[in-house]
Amino acid sequence: MATIGIVGAGTMGGGIAHVAALSGFNVLLHDISTDVLNRALQRISTDLQKGIEKGKISAENVEQTKQRIRSTSTFDDFSPCNLVVEAAVEKLDVKKNIFSELEQRCLPDAILATNTSSLSVTAIASSVKNAERVVGMHFFNPPHLMKLVEIVRGQKSSDETIRKTIDLAKQLGKTPVLVNDTPGFIVNRCARPFYGEALRILGEGIASVEDIDRIVRLEGGFKMGPFELMDLIGIDVNFAVTKSIYEQTFGEPRYRPHVIQQAMVNAGYLGRKAKQGFYKYEL
Ligand SMILES: NC(=O)c1ccc[n+]([C@@H]2O[C@H](COP(=O)([O-])OP(=O)(O)OC[C@H]3O[C@@H](n4cnc5c(N)ncnc54)[C@H](O)[C@@H]3O)[C@@H](O)[C@H]2O)c1
């Protein structure tokens, strides 16, 4: 069975590892922090356990799935990978460094995918010699529950890379949609006003976090309100995406970040992962 490498074992990397291992792939999960790796393995185990309780998966399958995941802190282990999904922090220089490292270690025909939410896949690909094998593979949070994956065609991604990545998304049980490389792709572009307007309503003292979320859920038919969703995504991650789209569109006012986002990040109120965001979570 093919091996999938995953770089970054945070919210998304851990979830993508879960999906890949459950679909029968061998997984190599990488992070610079061993604490993060241990927490990711623990979270995968907890989420799989919930699957047993709901009758969705057998105890035997859970054991096999866990055994398919190996963690590592060195890229030297990535040589057998047929595909790597990078899910490290949303910073162009960090991602470019990772891709340059990966190119030197992975099989020459391995696909190098990025889970970036907003950065240019073409810019990330500029760090490798063969940009044809670079593509965006944008999973949604939480990856083991969300069906959609945006497959982002960089300016130099080859048709072969796109075809193989779409096939792989299907093998992972996902619904792929092909998009061109543009700031925010489809979903994050549509979602900017969702968060931005909610933050402005809050900032102008028009309504509370709870009321905005409640009305959007009840009357808008959304599963989560904007503040609940920002807490789930990570306020630092969401802020980084907003800034990235704003900068890449040369200051388009529709995408302007809000000072509340900066204030939350300054305070370390990053959402669920910090047990405090717009809401408080159990310790
Ligand atoms: N959180 C979401 O809802 C969401 C959804 C879709 C896509 N994304 C994208 O996925 C990526 C990861 O987001 P996240 O929410 O998982 O972030 P996160 O902060 O939870 O995890 C990022 C991880 O990357 C690791 N890391 C940093 N530098 C690294 C390096 N050089 N090598 C290896 N690991 C490194 C960190 O230790 C951390 O564990 C970002 O590009 C983000 O935009 C996030």
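At what angle do helix H1 and helix H2 pack? Keep in mind that this is a predicted model. Helix H1 (residues 11–22) and helix H2 (residues 34–53) pack at about 50°, and their axes are 9 Å apart. That angle makes H1 oblique to H2. The crossing of the two helices is right-handed.

Which residues bring these helices together? On the H1 side you will find Thr 11, Gly 14, Gly 15, Ala 17, His 18 and Leu 22, and they meet Ala 40, Arg 43, Ile 44, Asp 47 and Leu 48 of H2. Sorted by class, this contact holds 5 nonpolar, 4 polar and 2 charged residues.

Now for the sheet. It is open and has 8 strands, in the order E3-E2-E1-E4-E5-E6-E7-E8, with mixed pairing. At its edges lie E3 and E8, each of which pairs on one side only. From one strand to the next, the twist averages 25°. In general, strands of a sheet pair through backbone hydrogen bonds, either parallel or antiparallel. Here, E5 and E6 pair in the parallel sense over 3 bridges, and Ala 113 stands opposite Val 135 in E6.

Helix H1 also packs on this sheet, where it touches E1, E2, E3, E4 and E6. The direction of H1 makes about 170° with that of E2.

| Strand | Residues |
|---|---|
| E1 | residues 3–7 |
| E2 | residues 26–30 |
| E3 | residues 69–72 |
| E4 | residues 83–86 |
| E5 | residues 111–114 |
| E6 | residues 134–139 |
| E8 | residues 175–180 |

Methods: Residues are numbered from 1 along each chain as its sequence is written. This is a predicted model: local features need pLDDT of at least 70, side-chain atom pairs count only at pLDDT 80 or more; totals for chains, interfaces and linings use all residues. Side-chain values use heavy atoms; hydrogens and water are left out. Axes are lines fitted to C-alpha atoms, for helices over the stretch in contact, and angles run from 0 to 180 degrees between N-to-C directions. Helices (H or I, at least four residues) and strands (E, at least two) are DSSP runs, numbered from the N terminus. Angles under 35 degrees count as roughly parallel, over 145 as roughly antiparallel, 65 to 115 as roughly perpendicular and the rest as oblique. A crossing is left-handed if the near helix is turned anticlockwise from the far one by less than a right angle, and right-handed if clockwise. Contact means heavy atoms within 4.5 Å. Ala, Val, Leu, Ile, Met, Phe, Trp, Tyr, Cys and Pro count as nonpolar, Asp, Glu, Lys and Arg as charged, and the others, Gly among them, as polar. Two strands pair if DSSP finds at least two bridges between them.
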